[in-house]
Amino acid sequence: MAAHNSSRFPSQACLIADLSRDVQHQILNIGNYVFRPLNFILAFLAFLFNTLVIIAVARTKSLQYPAMVMMCSLAVTDIIFPLYSMFRYIEVFTHEHKCPTSHTHPLYFAIGGLCTLATLGSLAVISRDRYLAVRRPVWYRNHMTISRAFKTVCLPWLISMVYAVATYLTILLGGVYAPVALAFVLLFFPCYVTVIAFCYLSIYCRKNIQVGNLNDAFLKRQKRLANTVAWILLILVLTYFPGLLFGGVLVANGVNNLPFRPYYITFVQLNGALNPLLNFSRIKMMRKAIRDLFRCHPQLQSSSPCEQ
């Protein structure tokens, strides 16, 4: 017979109404002892891998070009959310009933909104950069600088921070700033998706490219980076979006999504861990820079513990 949540269950906020007590606790236990530890591992890997990407770019002169500055912007979004998630998972693991209420705090939704909008914004900026590099390589080589790239990626971050503040205040003050947050969603989400779609359709559908006197190595690197971003977009569609969509469908249908959160957040955490792996696998200089981070410097070998 179906059992509704009641005060007899200390973890009732994370149980599901209209299901038998055994099924409710089985879903809760699988989420707590299988998926949450898995999500913690994925979050840690995402934080570690993306931090390595940023350190490698900061330490390696040959990686300090406009496209990689923009890729670092994407890596930052894949650092912020996993880092916050790890603190939240630790709170869950140490909670008496494995069902804390921090996930209802305005900060959780603000950080989630910040990272989601910043991810799409960064990908839109990167897609436009790849469009210019592949379709207009002469202009790109003569005009695109690290300074311009940095200023370009600052814009979606500024938009995302305003949206995050509006989301935080909306939840904290009971919907006062809801129109502002909704306006950002309705305006910038479709705008970013349109930019990404237009840029990549233009890259792969149009054939005429004015290359001028550019060498093949430059063009080859730009196209390879464009293909890398295409893989990142594919992973986003297969992981990040399904995770967000599943949670949104549950909320829209009035279903308590807390018991299912460990399940669908796995897709979001997986996205953050896979993005840097693509950079490592497809960018040779990135792999070399990462190896150099863990390699003893020749001048320090006499006093280094590496030779002990």
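This is a predicted model: local features need pLDDT of at least 70, side-chain atom pairs count only at pLDDT 80 or more; totals for chains, interfaces and linings use all residues.
# Cavities and a helix crossing

Reader: Hi! Which element gives the most to the lining of the largest cavity?

Author: Helix α2 does, with 4 residues. Helices here are DSSP runs of H or I with at least four residues, numbered from the N terminus. A cavity is a set of points on a 1 Å grid over the protein atoms alone where a 1.4 Å probe fits but cannot get out, and lining residues have an atom within 4 Å of a point.

Reader: Ok, how much space lies in the largest cavity?

Author: About 70 Å³, where a volume is the space filled by probe spheres set on the points, joined across faces, edges and corners. Its lining consists of T77, D78, F81, P82, C115, T119, Y240, V268, N271 and G272. Two or more of these residues come from each of α2 (66-94), α3 (106-135) and α8 (261-282).

Reader: And what about the second largest cavity, what is its volume?

Author: That one has about 40 Å³. Its lining includes N50, V53, M71 and D78. Here α1, α2 and α8 are the elements giving two or more residues, and α2 has the largest share, 4 residues.

Reader: New topic: is T116 buried or exposed?

Author: Buried, because its relative accessibility is 10%, and buried means under 20% relative accessible area with a 1.4 Å probe, protein chains only. T116 sits in helix α3. Beyond its neighbours within four places in sequence, T116 is in contact (heavy atoms within 4.5 Å) with F189, Y240 and L244.

Reader: Last one! At what angle do α1 and α9 cross?

Author: The axes of α1 (residues 21-59) and α9 (residues 284-293) cross at roughly 95 degrees and come within 9 Å. Axes are lines fitted to C-alpha atoms over the stretch in contact, with angles from 0 to 180 degrees between N-to-C directions. The two helices are therefore roughly perpendicular, a word used for 65 to 115 degrees.

Reader: Which residues make that contact?

Author: L52, V53, I55, A56, V57 and R59 of α1 meet M286, A289, I290 and L293 of α9.

Notes: Residues are numbered from 1 along each chain as its sequence is written. Side-chain values use heavy atoms; hydrogens and water are left out. Angles under 35 degrees count as roughly parallel, over 145 as roughly antiparallel, 65 to 115 as roughly perpendicular and the rest as oblique. On a 1 Å grid over the protein atoms alone, a cavity is a set of points where a 1.4 Å probe fits but cannot get out, and a pocket is an open set with protein on both sides within 12 Å along at least five of seven lines; lining residues have an atom within 4 Å of a point. Buried means under 20% relative accessible area, exposed over 50%, partly exposed in between (1.4 Å probe, protein chains only).
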